[in-house]
Amino acid sequence: KINEENASLKVENEDQKKWDASEKTNIHFSDIAGMDDVKNIIKIQMILPFIHPDVYKIYKKKTGGGVLLYGPPGCGKTMFAKAVACEVDATFFHVKSSDIVSKWVGESEQNINSLFQTAIKCDKAVIFIDEVDALFAKRGEDTYNDKRVNEFLQQMDGFSSKNEKILIIGATNRPWDIDNAALRSGRFSKKIFIPLPRSEEHTSELQSLAYL
């Protein structure tokens, strides 16, 4: 029993170190070529509420919450997420399915809880979930997936109502594969399409990618 407790504590400590390794990003909107329309939408929906929360409260608008960036592969969703974290001076958590999913029963849910508990300790945090469709797959076919999705949704609901300094950004090129409950109000209800850069922006966009 002692060995099991030690093993559990070791895994928990390793997860904590993994999340604690998250850092501030140094990618600004000015590093992203073109896409001015997308930048304006992101500023209105994601950045300004962080910078001027008191103003938004006057109009009964909440800050924080979840936003879904969707578009074809290679359109710059990750870069936009890093730029958002940089513009609002928030700690950036880059979450992949391999960081969460575990073959051990209950460990995926523990990883999710550990992520949010670490993020709430930050003054401001951006949780970026890459390929969010892999972690929010439609429920009803896989018990383990259902438990993982339920845990994520509970965490999102709890933090969106209590903590306005955490922004959750999901990225996907398969939005139709995401569970419908994850797209409801208070979760990933805000959706922003990220198109591929136009031909005249392509050269500058490749130069911007060097900052990644």
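Predicted model: local features only at pLDDT ≥ 70, side-chain atom pairs only at ≥ 80, totals over all residues.

Tutor: Two residues are in contact when they have heavy atoms within 4.5 Å of each other. Among the contacts in the protein chain with a separation of 6 or more, 80% are accounted for by residues 24 or more positions apart.

First, the setting. The protein chain has eight helices and five strands. Read from the N terminus, their order is α-α-α-β-α-β-α-α-β-α-β-β-α. The chain has 212 residues, and 46% of them count as buried. It exposes about 11600 Å², with carbon and sulfur atoms supplying 50% of that area.

Now the part you asked about. Searching the whole structure gives four salt bridges. Three of them, described in turn here, are among those four.

One of the salt bridges joins the side chains of D89 and K24, with 3.2 Å from N to O. This pair links distant parts of the chain, 65 residues apart. D89 sits in the loop between α4 (77-87) and β2 (91-95), while K24 lies in the loop between α1 (2-20) and α2 (36-51). D89 has a relative accessible area of 47% and is therefore partly exposed. K24, with a relative accessible area of 46%, is partly exposed as well.

Another salt bridge is formed by D179 and R139, whose closest N and O atoms are 3.0 Å apart. Buried means under 20% relative accessible area, so D179, at 8% relative accessibility, counts as buried. R139 is at 33% relative accessibility, and so it counts as partly exposed.

A further salt bridge pairs R174 with D177, and their closest N and O atoms are 2.5 Å apart. R174 is partly exposed because its relative accessible area is 37%. D177 counts as partly exposed because its relative accessibility is 26%.

Conventions
Residues numbered from 1 in each chain as written. Heavy atoms only, no water. Helix = DSSP H or I, 4+ residues; strand = E, 2+ residues; numbered from the N terminus. Buried < 20%, exposed > 50% of the residue type's maximum accessible area, 1.4 Å probe, protein only. Areas by Shrake-Rupley, 256 points an atom, 1.4 Å probe, with all protein chains shown as cover.
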